[in-house]
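Trainee: I have a structure open and would like to learn how to read it. Could we go through it feature by feature?

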Amino acid sequence: MFLSLPSHIDTFNMRNKIVAGNWKMNLDYAEGISLFSEIVNMVKDERKGSQIAVICAPFIHLNSLNQLSAGVVKIGAQNCHQMESGAYTGEISAQMIKSAGCEYVIIGHSERRQYFAETNELLAQKTILSLKNQLTPLFCIGETLEERNDGSYFEVLKKQLQEGLFNLSKADFLKIVIAYEPVWAIGTGLTASPAQAQDIHFFIRNEIKIKYGADIANATSILYGGSCNPKNAAELFAQSDIDGGLIGGASLKSRDFVDIIKALND
Ligand code: PGA
């Protein structure tokens, strides 16, 4: 006689494996179309497995990329505003992003925290609005070099999680993807070693476990970001708590980006 597993087991033990590119403020309209078309064709031909490929592009590209994506590569935005709509000249809402065909949105990238003074409280608002509009937040956390050196980084990361995300219900938290991006590794060519990254990912998953329980912690995808490239990706992705990557510079080169996707096993 077979004992059947509780129905939630499959869902809870399967974490999505995701490689998301973050183009930042690069590529004009024609360049974006051209790079994205290359990426879609290469992913179509070369991807083996169920890794999810995402490109988070500047707003001007989103609608066109969605037309070209054929569902092969998902589209994300790099930010959204914290209010639903209204007199906020120059801003873009979560609903607008959704209407352009996006499924993802980066929330709390360290460049937004640093250059636009985005606080954990503000990011919590953006997260709630993203979820309300059926967007998956790629919620970024990470410590600066100073915080790494003075040893306060676990506290910093814990605070970012608590204030940014831990106000969510269990059902909503299950829809979040976390990206750990040590600020000292972003765009610097310095990468966290696989062991350093694994330590932090384990810590993050454990904090989720304390707050929401083991099932939800085990179901949460946690991506690594910071100078990830085709040479170091496989070793980083082989760590047990690393479920993929958020890729800046290397996502601007189709070959590099697709090789990073291929370095992620199911
Ligand atoms: P990088 O950027 O890969 O160029 O270091 C990562 C990021 O900022 O998301």
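This is a predicted model: local features need pLDDT of at least 70, side-chain atom pairs count only at pLDDT 80 or more; totals for chains, interfaces and linings use all residues.

Trainee: How do I read a strand?

Mentor: In a regular strand, side chains alternate between the two faces of the sheet. Helices (H or I, at least four residues) and strands (E, at least two) are DSSP runs, numbered from the N terminus. Buried means under 20% relative accessible area, exposed means over 50%, and partly exposed lies in between (1.4 Å probe, protein chains only).

Trainee: Which residues of strand S4 lie on each side?

Mentor: Strand S4 covers residues 104-107, with Tyr104 and Ile106 on one side and Val105 and Ile107 on the other. Both faces are covered, and all four of these residues are buried.

Trainee: How do I tell which strands are partners?

Mentor: Two strands pair if DSSP finds at least two bridges between them. Strand S3 (residues 74-77) and S4 pair in the parallel sense over 2 bridges, and Ala77 has Val105 of S4 as its bridge partner. S4 also pairs with strand S5 (residues 136-141), again parallel, over 4 bridges. There, Ile106 is partnered by Leu138 in S5.

Trainee: What are the partners of S7?

Mentor: S7 runs parallel to strand S6 (residues 177-180), joined by 3 bridges, and Tyr180 stands opposite Tyr224. S7 also pairs with strand S8 (residues 244-247) in the parallel sense over 2 bridges. In that pair, Gly225 has Leu246 of S8 as its bridge partner.

Trainee: What unit do S3, helix H4 and S4 make?

Mentor: With H4 at residues 94-99, they make a right-handed β-α-β unit. A crossover is right-handed if, with the strands pointing away from the viewer, the path from the first strand over the helix to the second runs clockwise.

Trainee: What should I look for in the interior?

Mentor: In soluble globular proteins, nonpolar side chains tend to be buried together. A nonpolar core is a set of buried Ala, Val, Leu, Ile, Met, Phe, Trp, Tyr and Cys residues joined through side-chain atoms within 4.5 Å. The largest core here has 66 residues, and those with the most contacts inside it are Phe173, Ile178, Ile204, Ile208 and Phe237. A second, separate core of 13 residues includes Ile18, Ala20, Ile52 and Leu246.

Trainee: Is Ser221 buried or exposed?

Mentor: Ser221 has 4% relative accessibility, so Ser221 counts as buried. Ser221 is in the loop between helix H11 (214-219) and S7. Its side chain reaches the backbone oxygen of Asn16 at 2.7 Å. A polar contact is a pair of N or O atoms within 3.5 Å; within protein, one must be able to donate a hydrogen and the other to accept it, and residues adjacent in sequence count only if both atoms are side-chain atoms.

Trainee: Why does Asn229 count as partly exposed?

Mentor: Asn229 counts as partly exposed because its relative accessibility is 26%. Asn229 is in the loop between S7 and helix H12 (233-237).

Trainee: Which residues come nearest to the ligand?

Mentor: Of the 13 residues around the ligand, Lys24, His109, Glu181, Gly187 and Ser227 come nearest; a residue is near a molecule or strand if one of its heavy atoms lies within 4 Å of it. A polar side-chain atom of Lys24 lies 2.7 Å from a ligand oxygen atom, and one of His109 lies 2.6 Å from a ligand oxygen atom. Gly248 uses its backbone: an N or O atom there lies 2.9 Å from an oxygen atom of the ligand.

How values were computed
Residues are numbered from 1 along each chain as its sequence is written. Side-chain values use heavy atoms; hydrogens and water are left out.
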